[in-house]
Amino acid sequence: QNNLALYPRTASLKDEEEFTDILEERRCTTDLGYALRTFNPQPYKGAPSSSTSDLKKAVLESQYLRYIAKEIALETGSSVEKVRQEARGILEEMSHNLQLGFIRLMAYTVNKVFKRLFRSIYVNMEGLNMLQQAIQESPVILMPNHRSYVDFLIVSFILFTYDIPIPVIAAGIPLASMKVVGEILRRSGAFFIRRAIGSDKLYWAVLSEYVRTIVRTGCAPLEFYVEGFRSRTLKSVVPKLGMMDMVLEPYFKGEVFDITLVPISISYDRVVEESLLALELLGVPKPKESTTGLFKASRVLQEDYGCMHVNFGRPLSVRQLCEGKINRSEYNLIPRDLPQRPSTEIQDCVNWVAHLIVRTQEEGSLISPWSLMACLLLQAPITTLTEEGLQWHGLTEKTLWLRKLVLDFRGRLNWPDSDVMSSTVALHHSIVHHKAGRVCLVQDGDPASQDPLSPEEGVMRTAAAVLMLVSYRNQALHVFVRPGILATAIHITKSTQKDELFSFFCFLRDVFANEFIFIPGRASQDFDEACSLLQKCGAVHMSEQEVTVLETGLEVLSFLQKLLQPFLDSYQLIFRYLCENGAHVFTEKQFLPAVQNLATKLILSGDLHTFEVLSSDTQKNVLSALRRLEAVTKLRASQQNEYKVNKAAVRRTGDILCKIICDIPVKIKLLFCVRLENFVLFFTLLSLK
Amino acid sequence: MCHTFPALTSDRSSRICSLLYKHGSSMASNSSGSDSSDRQRIAQQRLSVIAGHLQRPVEGNSGILAAECKAQGDKLDVSSERRTVPRRRQEIMKWNGWGYSDSKFLYNKKGQAEFTGKRYRLSGMIIPGLREWMESTFGANLQHKTPAAPILNSSAVQPPTLNEAFLKELKSTGIPFSHDAEDRVFRSHGHCLHEIFALREGKIGRVPDLVVWPNCHNDVVKIVELACKHNVCLMPYGGGTSVSSALECPPEETRSIVSLDTSQMNRILWIDEKNLTAHVEAGIVGQDLERLLNESGYCTGHEPDSMEFSSLGGWVATRASGMKKNIYGNIEDLVVHIKMVTPQGVIEKSCQGPRMSTGPDVHHFIMGSEGTLGVVTEVTMKIRPMPEYQKYGSVVFPNFEMGVACLREVARQRCAPASIRLMDNEQFKFGHALKPQVSSIFTSFLDGLKKFYITKFKGFDPNRLCVATLLFEGDREKVLQHEKQVYDIAAKFGGLAAGEDNGQRGYMLTFVIAYLRDLGMDYYVIGESFETSVPWDRVLDICRNVKARIVRECKDKGVQFPPLSTCRVTQTYDAGACVYFYFAFNYRGLSDPVHVYEQVEHAAREEILANGGSLSHHHGVGKLRKEWMRETISSVGMGMLRSVKDYVDPNNIFGNRNLL
């Protein structure tokens, strides 16, 4: 049946119509003919045509690198020539070698593979048109999200198809070490960055000069993942600032008039490496990137992965973004070729821009029906899911209800016209199966196996399936986070006072700042947004001072609160572990398995209802959050990532989270009078009471 | 109060007669011809110098002169009969535009641009390319005119607020004064766009209440004493060429405002040939100073673009810069001694030593004080014998980047000619559009051939190439040697010598560009220039960014036509360069064009500062750029200037409110 018929056409559906399936045309022409098409893009008008070797030469001979080489030579006692030799080596390892021939080869292969994997690849033509325009006017930075290896070359593929200059792409060095493939990627425009550069001054210098030179000369669009890596959870990752700094610096220093940032949102119906991701999060190491591994993975080619959406966002002018936020004259007094630590004003601005981009990526991504189903499936008791299964009818009803909520919350939906629910479930047969009016979770391994699993192994097996579901839920989370946090605040504080709710909202926003993307300094806008969305869907009534829950809104509020409950539970558990565990100092290596053990025990005893705390991602996020809140500090001298925990501080945070402390709002207000950096001070105040 | 205007280039020089102004027979378009006439003329001048020495003592006694200052006719004054600027400026100058009343651009009945009058070499000539350039650059149209109010309507001028007691005592001194509306309006403005635009619309704001014309230092002393006694606001006025709103009467000023016009203090009091200095009254305008010194075989070599009208006192008060500063230095290098009348009395040094270590140089409180501390009355300046030989030149570069690299190298080798300027592509085209009609087929054939050689044979892109203009000065042999050195450097940067003619025309155009703005304003086009100084490594970036900012701001502010946004590197220094920007646009369709213009200029200045450029290289701060002073010189710096002002002029008698 056609579910859509029940609903009026909406804005987000209109958006959908603007997408064009680029594979459709590919399927009608020969692959070879496509790969050999004339490619004659309009480049950036200010750019002199320069070759890869010109670029390398410019980097090596830059005043900046000369200076750093001299400095390093002085520090290490080696000769300048030696240091420069080393720099040359680094650059060779790093540098891209973009060649049209290989772009064609890449396009040929990618075309073949994608036609196999996906039913369609939808691209918004308007976004491409704006990009084409922007590329001629200033250096362009393409900033896609990264959810799958598959998307590494998708942007290049699309740009090749539409006669737009091919980007150079920042990639992790492991890709480079893949035989043959590494070289093909390099010649398709990839340049390779080591992981964990740490304090290698020369490496930083070469990398940053390389990146800046690309931006300065505008010789090619630059593509990089501001999230830093592929998100294992399919949730947006808090942006990394290193690359962002390098990319924006030419603007700050006036070396270019403007830089254009283009956020790109790539959404999948089904992610190719879904099962690998879950295992990785549970601590099963990720297979090393290798060419043979790639061929082994070729069995993925047999599968159906539905559709892919590539949404090119509106180009953003760095100049406009930064207007009024920074004063560029701070670079006036030191030669621009010398390294200069940017002011906090500039750093904050970079951080802000990076967050803004990730938020924009979120807003541009399309939510599939499957994500909504995942949200709902995860709110069912786990035994229902694994054993008798969830009623199909109830699930579809509720999914349609949720669809409306998403539209109310201005989310973008990918809601195909034909038989949505069943085809979606069919597509995800590896996670759920639909039989006899019920939907069950598929668990890996043969249930009829001779060796019965230990209870712990059973937990892990279920966890693997749940975490897959979690990642699809995560694709929709960004729409719900802000109203969800408000719903949680209402639930915990039981208050109707707007300012109390705002305080608690801010508190949650701060605690979960590593979990969800919040643009720094926009707490009150976020709160206002949450309020207006809840009001819009009829969940609450707003007045000047108060937020009252409406009878009709209970369903929405309870859905939202339950959506975020796993995060609260996970954080609570880890806080508890840190407080109750004897040691004040621990290493990351001890911490992760210990939390996992504790959680497994509690799940078995029925005291813990979420599997998400088993995910190493959650565990690391909690650690980062506590470090940010200064309840945990990293020991500097330590070689192996040792942390020191301030138990009182952790306990207090946990107590506020579940409202053990009475009269919280007053104290939270106190907290936010001082800034969050003074968290510890706040806790001291609390303990005094 | 010097430098004005856009100027494609500048030379209103000691060579004024031969180069810019039309004289006698020749309009030398052929360089060898001008060479020989040059030599002849120098020889004649030398003779006249010698004759001068025989006829009269050149050095006078300044004490005696000062005492006699009102009896002008009797004095040992080199100049009195031939001064350029009369008390009533309206006799020769426009009241709502640039320069002499008889000289202006207009489109004749055939729709061709022509320049009227007889004063300049371009006077009476047809400029065939101008119309098309204006139409294609601005989208201007001869059908769409915006004529100026033809005459000054005296009734629009507020009646003067006179301080009767002051007036009474002033009368008794015998110093000439006037409260005639025209006289007052003439001294109420400089040449900022908004000032001229308002005048053209017949709008007149606060104007001075009285104009006084002191004849000498002692007159000034008396006026300042009376002003202090009666609490009257004094605003010194020199040549009126300010482009910083420095002459605007502060609207919040409630006292009677007296404009102190120094134009009648215009004598060279003595020339010291042993030390090569001249002692000059500060009201003399540049062209008179050079002409009179030339008669004695000397020159100062100080040639700001505004030198026809700007005054010595104005140069000192704004820290002026001349186009030949590479040889002669800027005003701070040229000045040996300054006399200034302040409310606390007269400030001057006790001797004329060429350099002193006596604490911070008090001259530097005066230079750049923009009329806030007192009136500069007399200045001793360095002079030089007139150069034996002068030669123009030009170089075409494939692009602006190469041109800047060449100028940087010239500066590095410290071999800059008297003047070296690099125009960007848009300005090059502009210069081209101002080529007067060529009379001979041969010349136009040669031009075509040159163009062919550069664009087709050498492969220069006509939309990217740019041109540097050069002026060499000195003795003949050295000039030729110097020229070779510079051309050799240029060749390394892809530069091709493009002839003396192009160079000479480039400099000649400097002065007409100010007239050209008036023509633009007749057809919906408004614009202005502004300048900055910047370290070498930022020159390219600042040029690109500021030009792009102007274009973007215009678009954002709803300007319907693409603006002209162009620049030129106009001076070189060891550590940086001076950059001039020109900015003009067609304002059809805008309700408040001047406001839009000001917003764009403001944004452009912000851009300059963000790119490491200075607030001003030589135009000064005035009131237009005051808001950026604190960030420019720091709060302590402001405090230092403030305390000097507070000591020297506690009652704010010099109340033009510039600078601070």
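This is a predicted model: local features need pLDDT of at least 70, side-chain atom pairs count only at pLDDT 80 or more; totals for chains, interfaces and linings use all residues.
A residue is called buried here when its relative accessible area is under 20%, exposed when that area is over 50%, and partly exposed in between, using a 1.4 Å probe and protein chains only. Residues are numbered from 1 along each chain as its sequence is written, chains are lettered from A and ligands numbered from 1 in the order in which they are written, and side-chain values use heavy atoms, with hydrogens and water left out.

Let me begin with chain A as a whole. Its secondary structure comes to 30 helices and 17 strands; helices (H or I, at least four residues) and strands (E, at least two) are DSSP runs numbered from the N terminus. Of the 689 residues in chain A, 55% are buried. A contact means heavy atoms within 4.5 Å. Among contacts in chain A between residues at least 6 apart in sequence, 78% join residues at least 24 apart.

I turn now to one helix of this chain, α5(A). Which residues of α5(A) are buried? They are A:Tyr64, A:Leu65, A:Ile68, A:Ala69, A:Ile72 and A:Ala73. Seen down the axis of α5(A), these buried residues fall within an arc of 160°, so they line one face of the helix; the arc is that of the directions from the helix axis to the C-beta atoms. The face turned away from the buried side of α5(A) carries the exposed residues A:Lys70 and A:Leu74. Among the elements covering the buried residues are α4 (52-60), α6 (80-94) and α12 (201-217) of chain A.

The length of the helix can also be checked. The expected span is 1.5 Å times one less than the number of residues. For the 14 residues of α5 (residues 63-76) of chain A this gives 20 Å, and the end C-alpha atoms are 20 Å apart, which agrees. After α5(A) comes A:Gly77, whose phi is positive, near 80°.

A:Arg194 is placed in the loop between β5 (190-193) and α12 of chain A. With a relative accessible area of 29%, A:Arg194 is partly exposed. Leaving aside residues up to four places away in sequence, A:Arg194 touches A:Ile90, A:Glu93, A:Ile173, A:Asp200 and A:Tyr203.

Next, the salt bridges, each of which is a side-chain nitrogen of Lys or Arg within 4 Å of a carboxyl oxygen of Asp or Glu. By this rule there are 71 salt bridges over all chains. One of them joins A:Arg186 to A:Glu183, with the closest N and O atoms 3.6 Å apart. These two residues are 3 residues apart in helix α11 (residues 181-187) of chain A, and are therefore separated by about one helical turn. A:Arg186 is buried, at 13% relative accessible area, whereas A:Glu183 is partly exposed at 33%.

In chain B, the side chains of B:Lys547 and B:Asp424 meet in a salt bridge at 2.8 Å, N to O. B:Lys547 lies in helix α19 of chain B and B:Asp424 in the loop between β16 (419-423) and α15 (425-433), so the pair ties together parts that are 123 residues apart in sequence. Both residues, B:Lys547 and B:Asp424, are buried.

How do the chains meet? The contact takes 14 residues from chain A and 13 residues from chain B. Buried area is the accessible area (1.4 Å probe) that two parts lose on being put together, summed over both. Between chain A and chain B it is about 1200 Å², with 33% given by carbon and sulfur atoms. A:Phe257, A:Asn332 and A:Arg336 supply 48% of the area that chain A buries against chain B, more than any other three residues.

How many salt bridges are counted between chain A and chain B? The count is 5. In one of them, the side chains of B:Arg552 and A:Asp258 meet at 3.0 Å, N to O. B:Arg552 lies in helix α19 (residues 539-556) of chain B and A:Asp258 in the loop between α13 (242-252) and β7 (260-268) of chain A, so the pair joins two chains. B:Arg552 is partly exposed at 26% relative accessibility, while A:Asp258 is buried at 2%.
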